[in-house]
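The structure is shown first, and the discussion follows.

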Amino acid sequence: MVSKSSRGPGMAAGGSEAEEALLLPERVVGDLAGAPPGNASVLGAVFNVSTSVVGAGIMSIPAAMRVLGVAPALALIVCVALLANVAVDFMLRYTRGTPSYAALMGGSFGRAGAKLLNVFIAFNCVGTLTVYLIIIGDVMSGPVGSGEAHAGVLPEWFGPHWWTGRDAVLVAAAVILLPIVLQKHVDSLRYTSAVSILLAAVFMLITMGIAVYTVFTGTAKMPRMLPDFSTLASPFELFTAVPVIVVAFTFHFNVHPIRAELSKTSDMKSAVRISLVLCAAIYAAVGFFGFLLFGDATMPDVLANFDRSSGSGVPQALNDAARLSYALHLVLVFPLLHYSLRVNVDELLFPGRRPLATDTRRFVALTAVLMAVLYVLAIAIPSIWTLFQYSGSTFAVCISLIFPGAIVLRDVHGIAKRKDKAMAAMMITLAVITSSIAIASNVMSSIKGEVKGVNAGAS
């Protein structure tokens, strides 16, 4: 932190004070979770930010491309990445004192604002981590609630047994995750983050290789460049893909913990920009080649397409490698997102207590309870598309676009320029309009689906 005594005499008033407000402190002593001061590199920050970004959202991007078509989907990926960079820039510019997104919201909107953010981050993280476990279960045991038969890796290899079932697989995943989840500091996860990004790249390269193979063998499903309106009940269904992309770029709750452990906190902007470029490229490649492979048969979780019924004509070992590489990627991403969930729930339930990392009993108890809740939700909720649509339309869009824009419009430090406020207002307007349309479309689709199901049953 920058102490009052460290301010020069020229910083006392007027424009000089505004100039000081634009500068970030070069070192920050710890964070709310008790992290050690500045000992992380820019490369480590890039790995951690990239791991925060590239999570389960990538699995639904081919399905979003199926809805939108290639050109609009690629344009949407670029636009959301640019807006994410603007939002993070706003957040860093307004950060003062303790590096926490909740503290940032509290500085602009008081204690109620901080608590609201804690709640939104907690719900968003719970939804995303539940999706991680669902995908791990889909890969290893096969998806549930799907109209098409897609086997998991374990039943394919060993046949159906109790230990290849979803419940057993998720218990095993929780046991494997526990030692990594119990790490108390973000920078301790930099090595697992580096491996996770490598695995995401491996998955992208395998998908690309399979797609190229199918092009040469003539089995590829040539992707549509634009939406196919004949398959949509309403043009408004296009907006249901927007929350999926927004979720895929929602990492803002990890900005401050990662920034706090940098040796120079001003390097965070560079780390974020490098990460967003890297992640946008991965998303675009996986979305395009996934859609090229499976066409209109692309499932909400594209990993479920990589099985014996995929029809890609490539060796099954390569299909299994694609699924397993990304399942392992999610295992390594899980602890980083769980870190943010745990910190925000602790801030919400135990305000004013000593840092969580210094209270082992509270740390372990909170970790165990959260893992149990996530396990139960992963068993109870089969569909990742539904979670992404509703989470993206509500919690994710507020965390990534609406709250940063509101902080700039509030402008408690008086440092926002006219163009900043115009950009903030545009972010909020776009977020509210697209999310409202997506929610309405989801609700109408759900109602129509229920009616259709009733009629089908009656007939």
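This is a predicted model: local features need pLDDT of at least 70, side-chain atom pairs count only at pLDDT 80 or more; totals for chains, interfaces and linings use all residues.

Because R362 belongs to helix α13 (residues 360-380) and D346 to helix α12 (residues 316-349), the pair ties together parts that are 16 residues apart in sequence.

## A network around D89

The whole structure contains 6 salt bridges, and those that share partners join D89, R93, K269 and D420 into one network. Within helix α4 (residues 70-94), D89 and R93 stand 4 residues apart, which means that about one helical turn separates them; their side chains meet in a salt bridge with an N to O distance of 2.7 Å. D89 is buried at 15% relative accessible area, and R93 is buried at 16%.

D89 also forms a salt bridge with K269, with the closest N and O atoms 3.0 Å apart. This pair links distant parts of the chain, since K269 sits in helix α11 (residues 268-294) and D89 in helix α4, 180 residues away. K269 is partly exposed, with a relative accessible area of 31%.

## Cysteines and a nonpolar patch

The structure holds 0 disulfides. C79 is partly exposed at 44% relative accessible area, whereas C398 counts as buried at 14%.

W157, F158, W162 and W163 make a nonpolar surface patch of about 540 Å². Of these residues, F158 is found in helix α6 (residues 153-158) and is partly exposed, with a relative accessible area of 45%.

Key: Residues are numbered from 1 along each chain as its sequence is written. Side-chain values use heavy atoms; hydrogens and water are left out. A disulfide is a pair of cysteine sulfur atoms within 2.5 Å. Buried means under 20% relative accessible area, exposed over 50%, partly exposed in between (1.4 Å probe, protein chains only). Patches are made of residues with over 30% relative accessible area and no salt bridge: like charges are joined within 9 Å, nonpolar side chains (Val, Leu, Ile, Met, Phe, Trp, Tyr) within 5 Å. Accessible areas come from the Shrake-Rupley method with a 1.4 Å probe; for residues, only the protein chains shown count as cover. A salt bridge is a side-chain nitrogen of Lys or Arg within 4 Å of a carboxyl oxygen of Asp or Glu. Helices (H or I, at least four residues) and strands (E, at least two) are DSSP runs, numbered from the N terminus.
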